[in-house]
Amino acid sequence: MTTDMSDLDRYGCAVLPALLTPSACRDLAALYAHEAGFRSRVVMGRHGFGQGEYRYFSYPLPDPVQALREALYPQLVEIANRWNETMGIAVRYPLQHKEYLARCHAAGQVRPTPLLLQYGPGDYNCLHQDLYGEHVFPLQVAVLLSEPGEDFTGGEFILTEQRPRMQSRAEVVPLRQGDAVVFAVHHRPVQGTRGAYRVSMRHGVSRLRSGQRHTLGIIFHDAA
């Protein structure tokens, strides 16, 4: 990853520019129209999640999705372990993703969580956390598959940070087609005047003004 990952410590997110080519983005977005390769479809409005919809991939994952999941995890695990140590959380993560998945599966978290999201005009995603079970890897990745200003307008990626005894802080992350954002799933450590403290993170997408927006989500823990 050719980006300043120290942004994760400062802001709870970091952008990976041009992680995928435009053609790779279009190929992945085109998968959404087909039933094959997905285990479920969620219409957000039926559950109070927002407006829009998404599909969870089934195993085996498409080759590009599997490759991203396997390649990104080892580059994030050191940060994940350091964060847990700083926050006084005893859990440590193995260096290879297949070993972490074995831990998830042994606990009954066997359903794959990588997903494709689709938004149309007026759609949005409420602020949330992708937890799915006892085992939660503290970082995840979203890749924008559509081009802002051409394929859609609006639809900004948003993070909020709930700080103890303080007002929440919002972060809007500008992305181009093929860019990815790595961000905190649940908690992250923040250094204060009296040492590190834990803040709670949520993420979502603002209202789409026009067009259609597709995103690939890479979550490293599986679901119960």
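## Ground rules

Buried here means under 20% relative accessible area and exposed over 50%, with partly exposed in between (1.4 Å probe, protein chains only). This is a predicted model, where local features need pLDDT of at least 70 and side-chain atom pairs count only at pLDDT 80 or more, while totals for chains, interfaces and linings use all residues. Residues are numbered from 1 along each chain as its sequence is written, and side-chain values use heavy atoms, leaving out hydrogens and water.

## Aromatic pairs

Searching the whole structure turns up twelve aromatic pairs. To pair, rings of Phe, Tyr and Trp (its six-membered ring) need centres within 6.5 Å; planes under 30 degrees apart count as stacked, over 60 as edge-to-face and the rest as tilted. Y93 sits in the loop between helix 3 (63-87) and helix 4 (97-106), and F137 in the loop between strand 6 (124-128) and strand 7 (139-144), so the pair ties together parts that are 44 residues apart in sequence. Helices (H or I, at least four residues) and strands (E, at least two) are DSSP runs, numbered from the N terminus.

Both Y93 and F137 are buried. They also belong to a cluster that ring pairs build from Y73, Y93, Y100, F137 and F220.

## Helix 4

Y100 turns up again in helix 4, where H97, Y100, L101 and C104 are buried. An α-helix has 3.6 residues a turn, so residues three or four places apart point the same way.

The buried residues of helix 4 pack against helix 3, with contact meaning heavy atoms within 4.5 Å. Over on the other side of helix 4, K98 and A106 are exposed. Just after helix 4 comes G108, with a positive phi of about 90 degrees.

## Strand 4

Five of the five residues of strand 4 (residues 53-57) are buried, so it is largely enclosed by the rest of the structure. E53, R55 and F57 are buried on one side, Y54 and Y56 on the other.

Strand 4 runs antiparallel to strand 2 (residues 38-43), joined by five bridges, and V43 has E53 as its bridge partner. Strand 4 also pairs with strand 5 (residues 115-119), antiparallel again, over four bridges; here Y54 partners L117. Two strands pair if DSSP finds at least two bridges between them.
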